[in-house]
Amino acid sequence: MSLWLLGGRFCTHKTEISKAMKGIQLYCSSVTSGRQHVNGVDLYYEQTGRGSHAVLLLPGALGSAQTDFGPQLKSLNKEMFTVVGWDPRGYGCSRPPERDFLPDFFERDAKDAVDLMKALGFHKFSLLGWSDGGITALIAAAKNPGLINKMVVWGSNAYVSQQDISIYNAIRDVSKWSARMRQPMEEMYGAELFAKTWEGWVDGISQFALRPEGNICMDLLPSISCPTLIIHGEKDPMVPSFHPPYLLKHIRGSRLHLMPEGKHNLHLRFADEFNKLVEIFLDE
């Protein structure tokens, strides 16, 4: 869930891409952008760096490369890494199509993400997944062991509990959010579409609670073979503390790093610390 967002300049439809990219270039020099036709849709992406180690950034719910990963696109080591951020179908600048939340939406995003990287010419790459993007990363890594080098996930869960459902329902009505919290999403989607899409997301993520044990991707975790770093902010209000240990237990050889002051957006709030932690892990 990309509930705590980095403000910035957003493109709301195709005709605004060039104007948005002008703002992005000021914010993050050396970023290039484009669209790649993948699985029947045009997926928007941003790319920076020239390192031999390719890294894909996977955003949270309703998020995009620029809203969710500005400090990573700007500051991850460009000599070590080639960093790609993408907007999943129906999010950000990967519209149309309108976003939907069918029961397989995480699997669909995982396939889109992997196929995008292959279409861009990357034959092996690492994954950095936040929140919903972390779930997508878990699925992608489990289903494509030969393609994934390493993986970092944070703010993510493999199942939906009743406590999670209570959290989601508490934030369903975006009119109760502060104006500051709504602004980036309303600038991107417009107020009406944002409210509609967010409610669709709440319903979409809640449907997993109807499955046995609330399963999203529990059964896939043992298939993950890449080195995996799980990061958790101990003050994260969106992800109860029982989720990271579950991932740690069921992903072979994974490790867990706790950030005592971290909340859900720890990679934005503590970007320097986060980026250094990720760089060290990916370079090991």
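This is a predicted model: local features need pLDDT of at least 70, side-chain atom pairs count only at pLDDT 80 or more; totals for chains, interfaces and linings use all residues.

Student: Which residues point each way from strand 3?

Tutor: H53, V55 and L57 point one way, while A54, L56 and L58 point the other way. All of them are buried. In general, side chains of a regular strand alternate between the two faces of the sheet.

Student: What makes strand 3 and strand 4 a parallel pair?

Tutor: Pairing needs at least two bridges. Strand 3 (residues 53-58) and strand 4 (residues 81-86) have five bridges, in the parallel sense. Within this pair, L56 stands opposite V84 of strand 4.

Student: What is the order of the strands in the whole sheet?

Tutor: The order is 1-2-4-3-5-6-7-8. Eight strands form this open sheet, and the pairing is mixed.

Student: Why are strand 1 and strand 8 called edge strands?

Tutor: Strand 1 (32-38) and strand 8 (255-259) each pair on one side only. Neighbouring strands of the sheet are turned by 20° against each other on average, direction ignored.

Student: Which helix lies across strand 3, strand 5 and strand 6?

Tutor: Helix 4 (residues 132-143) does, running at about 145° to strand 5 (125-130). Helix 8 (residues 243-250) also packs on the sheet. Helix 8 touches strand 6, strand 7 (228-233) and strand 8, and its direction makes about 170° with that of strand 7.

Student: Why are helix 2 and helix 10 called oblique to each other?

Tutor: Look at the angle. The axes of helix 2 (residues 65-75) and helix 10 (residues 271-283) cross at roughly 60° and come within 10 Å. Roughly parallel means under 35 degrees, and roughly perpendicular means 65 to 115. The crossing angle is roughly 60°. Helix 2 and helix 10 are therefore oblique to each other. Their crossing is right-handed.

Student: Which residues meet where helix 2 and helix 10 touch?

Tutor: From helix 2, P71, Q72 and S75 meet A271, F274, N275 and E279 of helix 10. By class, this contact has three nonpolar, three polar and one charged residues.

Student: Why is L62 called buried?

Tutor: The cut-off for buried is under 20% relative accessible area. L62 has 0%, so L62 is buried. L62 sits in the loop between strand 3 and helix 2.

Student: What is the phi of L62?

Tutor: About 65°, which is positive although L62 is not a glycine. Most residues other than glycine have a negative phi.

Student: Why is E213 called exposed?

Tutor: Exposed means over 50%. E213 has a relative accessible area of 64%, so E213 is exposed. E213 has a positive phi too, near 60°, and is not a glycine. Its place is the loop between helix 7 (191-206) and strand 7.

Student: Where are the cis peptide bonds of P96?

Tutor: One joins R95 and P96, with omega about -5°. Another runs from P96 to P97, with omega near 15°. P96 is in the loop between strand 4 and helix 3 (105-119), and P97 is placed in the loop between strand 4 and helix 3 as well. Most peptide bonds are trans.

Notes. Residues are numbered from 1 along each chain as its sequence is written. Side-chain values use heavy atoms; hydrogens and water are left out. Helices (H or I, at least four residues) and strands (E, at least two) are DSSP runs, numbered from the N terminus. Axes are lines fitted to C-alpha atoms, for helices over the stretch in contact, and angles run from 0 to 180 degrees between N-to-C directions. Contact means heavy atoms within 4.5 Å. Angles under 35 degrees count as roughly parallel, over 145 as roughly antiparallel, 65 to 115 as roughly perpendicular and the rest as oblique. A crossing is left-handed if the near helix is turned anticlockwise from the far one by less than a right angle, and right-handed if clockwise. Ala, Val, Leu, Ile, Met, Phe, Trp, Tyr, Cys and Pro count as nonpolar, Asp, Glu, Lys and Arg as charged, and the others, Gly among them, as polar. Buried means under 20% relative accessible area, exposed over 50%, partly exposed in between (1.4 Å probe, protein chains only).
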